[in-house]
Amino acid sequence: MTDAPASSAPAYSVVVPTIGRPCLADCLRALAAAGGHPPTEVVVVDDRPDPDGKLPLEAAGVLRGRVRTLRSGGRGPAAARNTGWRTVTAPWTVFLDDDVQVLPDWSRRLAEDLGAADAITGGIQGRLTVPLPTDRRPTDWERGTAGLEQAAWATADMAYRTATLADVHGFDERFPRAFREDADLALRVRDAGWTLRHGRRTTRHPVRPADRWVSVRAQRGNADDALMTRLHGRDWWARAQAPRGRLARHALVTAGALVAAGCAVTGRPRAAGAAGTLWALGTAEFALARIGPGPRTPHEIATMLSTSVVIPPLAVHHWLDGLIRHRRAALLGSTP
């Protein structure tokens, strides 16, 4: 079977949500360098609450004349993508995150992906590659980013039929972070009768700089997991091909800490000691599981030890908060 020429492939628009990070310039520069089947337009959606300064649009080079910008008011990536794709007239909308860099053959490979789509193909995912250090073991944050290579339907590089997005009402803006909004969309697309598949194009996703508390802030995503459970049932993990994570163990460790404190206050030292031991062992196991595969530098070890203490209770807190906050949540587009 021969690949269809790029000139006969369906037209597409690229939508890039951004909060004005410097990496946007690298994203646009790489997109401009990918010749063969250029986009009809590049829609850059500025999601800064109060835009301060210009975006580096000149980095788009030969595509600069096809770039237009919109504002979404700081409502998160789901809302920003909705703001973008709802203005698209091309038959396909390709979502790229502002921290990725497509490879030089990306547009040609995309033409092959789109040209091979049948009538019920609703979306085609690009392959993500995360470059890791070659001179040392990756840190916990770097390993977490590398997990994107196995992520299903990640909108870091995901092409959807524009008609498919309209059919399922786009992204659910109740997901405020870049987390689970893509899994939710994929499940609704499949439930609507469309199919999703993996494409041949490849996009590079560098590890962005982060401070030592980034893993603590990431626990807010547990509220989004709770929303996914409300919307899609307890089996959504399997259907979305998402890893389960450690929430159950975090709950057990957190319960140990609470029971230990309660028993100590009520004068039951033996029970407090037993529960405290459970907490200590659970926390130590978590920290060692994160330290072992890493570079084991003093900074990384100190970071893993300190964050491993606070992550379990924060994860449980955000999960419970999500369950309560979204207790009446209904599937997007359903009748209340």
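I began with D140 and R143, whose side chains meet in a salt bridge (3.5 Å, N to O); the term stands for a side-chain nitrogen of Lys or Arg within 4 Å of a carboxyl oxygen of Asp or Glu. Because D140 and R143 lie three residues apart in helix 4 (residues 140-146), about one helical turn separates them; helices (H or I, at least four residues) and strands (E, at least two) are DSSP runs, numbered from the N terminus. I noted R143 as partly exposed, with a relative accessible area of 22%, where buried means under 20% relative accessible area, exposed over 50%, and partly exposed in between (1.4 Å probe, protein chains only).

I kept in mind that this is a predicted model, in which local features need pLDDT of at least 70, side-chain atom pairs count only at pLDDT 80 or more, and totals for chains, interfaces and linings use all residues. Residues are numbered from 1 along each chain as its sequence is written, and side-chain values use heavy atoms, with hydrogens and water left out.

Next I looked up R75, which forms a salt bridge with E173, the closest N and O atoms being 2.9 Å apart. This pair links distant parts of the chain, 98 residues apart, with R75 in the loop between strand 3 (67-71) and helix 2 (77-85) and E173 in the loop between helix 5 (162-167) and helix 6 (181-191). I found R75 partly exposed at 43% relative accessibility, and E173 partly exposed at 33%.

Lastly, I recorded a network of salt bridges that links D105, R108, R109, E112 and R200, and a count of 30 salt bridges by this rule.
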